[in-house]
Amino acid sequence: MIYPKIPLAQTVIQLCKAKNIKHIIISPGSRNAPLTIGFTNDDFFTCYSIVDERCAAFFAMGIAQQIKAPTALVCTSGSALLNYYPAVAEAFYSDIPLVVLSADRPKHLIGVGDGQTINQKNVYDNHILYSANLKLDLKDEKNIPSHDELPIMKNLENKLERFLGLQKDIQAYNEEEINKAINISKLKNGPVHINVPFDEPLYEMVEALSVKPKNVEVNTTKNSIDAYDLKAYIGDWNSASKKMILVGVNHPNEIDQQYLEELVKDDSVIVFTETTSNLHHNSFFPSIDQIIAPLTEEEQKQLQPDILLTFGGLIVSKKIKALLRKFKPKAHWHIDEKKANDTFFCLTNHIEVTPQLFFESFLSNITHYKKSDYKSLWHQIKKHRLERHKQYLSDIPFSDFKAFDAVLKAIPNDTILQVGNSSAIRYTQLFNINKTLEVYCNRGTSGIDGSTSTAIGCAVTHKKVTTFITGDLSFFYDSNALWNNYIPTNFRIILINNEGGGIFRILPGHKNTENFDTYFETRHHLNAAHLCKMFDFEYVSATNHETLKNELTHFYRTSSKPKILEVFTPQDINDEILLEYFNFIR
């Protein structure tokens, strides 16, 4: 087998291998050549070459999201690793493990005007779980004195021993830092940065390893609930007549169905689920905004819970945030092993276990259910909203709203749905999603910048059809995501093109002015047809409800290329239709 000659590169690669990091996303460069040589010449690794570092990082995140294990990013020195930053921040807030391996110049070449050089040490300081700044290997030819310089052999031996001792210390330090960084990423589910300095020559190769780094195993311990605390939770729960459970971003199959069944037996409990929660039951309350947006202040007060129990990632709905900040629960419990955000400014308990473990311990000790009309009241409202929702859809003209209805109904069972941010996820939240779908969205920072790349990374990890629904600004912003040789033929993009940032039209402000059109909504007349030709996607389009339904009937048929369906909606009426919706369903 071929290895890079540099011991530090060998150390990084061997420890990644020992820790079972298989997916390596490499962006071309020279300074990272020792790592590229090592990773690409070992069949253990699956390597991907993606030129645009921002796309590469979100692509890596999409893989890590699906396998629930770290993927590694490899880039050259300079601004390259800054382009990883949006994905690093998203991974940080979404609890997705990433290992950033950035090549760097030696310390003596930093700050002296060398090209492609920045201060890389701790560059992600505010959005990283750990930063490891490795040390440069000592080089024999520069550090061992020659016989001419030291005529006395004894002095030469002393110098050699000191050199070997220093190199041993450097090797031990580097191994410790690499082990620590990767273990933290695996244990705490988040991004880490390993900065790796290399001196030239960079391309030398050998056929045998010169180092055998020690792999330090991850020390995992499962948290448990203190018996005293559990008893207190049960007592408070049993005495409360209005309990609300609110579920944010959550992986599929994280909670056993038996616990969901147990929750719905209690008339004092209502369960609000976001689209990204991947939790379903006929007695739950999805489409949160559909239920609460039309509420009067008196009705909002009726919804105020005694206890709010939350788990999962960040919440999409601004309306539920506003309601619970105004009508605060007496207690807010958040279940998460790692962190608890005080989203509603009333957090009282952080329960540091998995939701599965909590319900396993908690629900088995609930011996009776509190009599309450809390759930029945809201089921009546839910039923009314759904009837009005269907009526509204039958009456309105073609628009974003009607397009999302058709698109979401057409997605095949048992497939994956990736949703873009901004209007895409907010429209999706208004519909009752097919419960066989697995739904994902980059809600850590809620940015539009890398959603396409994440969806593609997700799609390459399994054989399931993956559908990505996105808006036009997000799609064109991340169009380099399509510059990718690994996109499977069963990948589908549905692009809702309303020629601008339509979501801004539903916000307060002066609309239909040149300033608004240019700087807020950002009007344009772009379409995806030429991008599809350049990147070898099959392209179809729709401009009305009939052609959309027709295109969707064969959009998911097996093909030799990935496909994009571009749906053109009328820009000037989308906001009116959405705003009127909440009045109509009242």
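**Loops, a strand and a helix pair**

A: Ser422 sits in the loop that links strand 14 (416-419) to helix 15 (423-428). The model is predicted. Ser422 is not a glycine, yet its phi is positive, at about 65°. Most residues other than glycine have a negative phi. Ser422 has 27% relative accessibility, so it counts as partly exposed.

Asn20 is another non-glycine residue with a positive phi, about 65°. Its loop runs between helix 1 (7-18) and strand 2 (23-26). Asn20 counts as partly exposed because its relative accessibility is 48%.

Next comes a peptide bond. Most peptide bonds are trans. The bond joining Glu200 and Pro201 is cis, with omega about 5°. Pro201 lies in the loop between strand 7 (191-197) and strand 8 (205-206).

Tyr3 belongs to strand 1 (residues 3-4). Leaving aside residues up to four places away in sequence, Tyr3 touches Glu204, Met205, Val206, Glu207, Ala208 and Leu209, and also Gln10, Gln14 and Ile37.

Now the helix pair. Helix 3 (residues 53-67) packs with helix 16 (residues 451-459). The angle is about 45° and the axes are 7 Å apart. The crossing of helix 3 and helix 16 is right-handed. Helix 3 contributes Cys55, Phe58, Phe59, Met61, Gly62, Ile63, Gln65 and Gln66 to the contact. Helix 16 contributes Ser453, Thr454, Ile456, Gly457 and Cys458. By type, the contact residues of helix 3 with helix 16 are seven nonpolar, six polar and no charged.

A search of the whole structure finds zero. Cys55 is in no disulfide, and the nearest cysteine sulfur, that of Cys75, is 14 Å away. A disulfide needs sulfurs within 2.5 Å. Cys55 counts as buried because its relative accessibility is 2%. Cys16 is also in no disulfide. The nearest cysteine sulfur to Cys16 is that of Cys47, 11 Å away. Cys16 has 1% relative accessibility, so it too counts as buried.

Notes. Residues are numbered from 1 along each chain as its sequence is written. This is a predicted model: local features need pLDDT of at least 70, side-chain atom pairs count only at pLDDT 80 or more; totals for chains, interfaces and linings use all residues. Side-chain values use heavy atoms; hydrogens and water are left out. Buried means under 20% relative accessible area, exposed over 50%, partly exposed in between (1.4 Å probe, protein chains only). Axes are lines fitted to C-alpha atoms, for helices over the stretch in contact, and angles run from 0 to 180 degrees between N-to-C directions. Helices (H or I, at least four residues) and strands (E, at least two) are DSSP runs, numbered from the N terminus. A crossing is left-handed if the near helix is turned anticlockwise from the far one by less than a right angle, and right-handed if clockwise. Contact means heavy atoms within 4.5 Å. Ala, Val, Leu, Ile, Met, Phe, Trp, Tyr, Cys and Pro count as nonpolar, Asp, Glu, Lys and Arg as charged, and the others, Gly among them, as polar.
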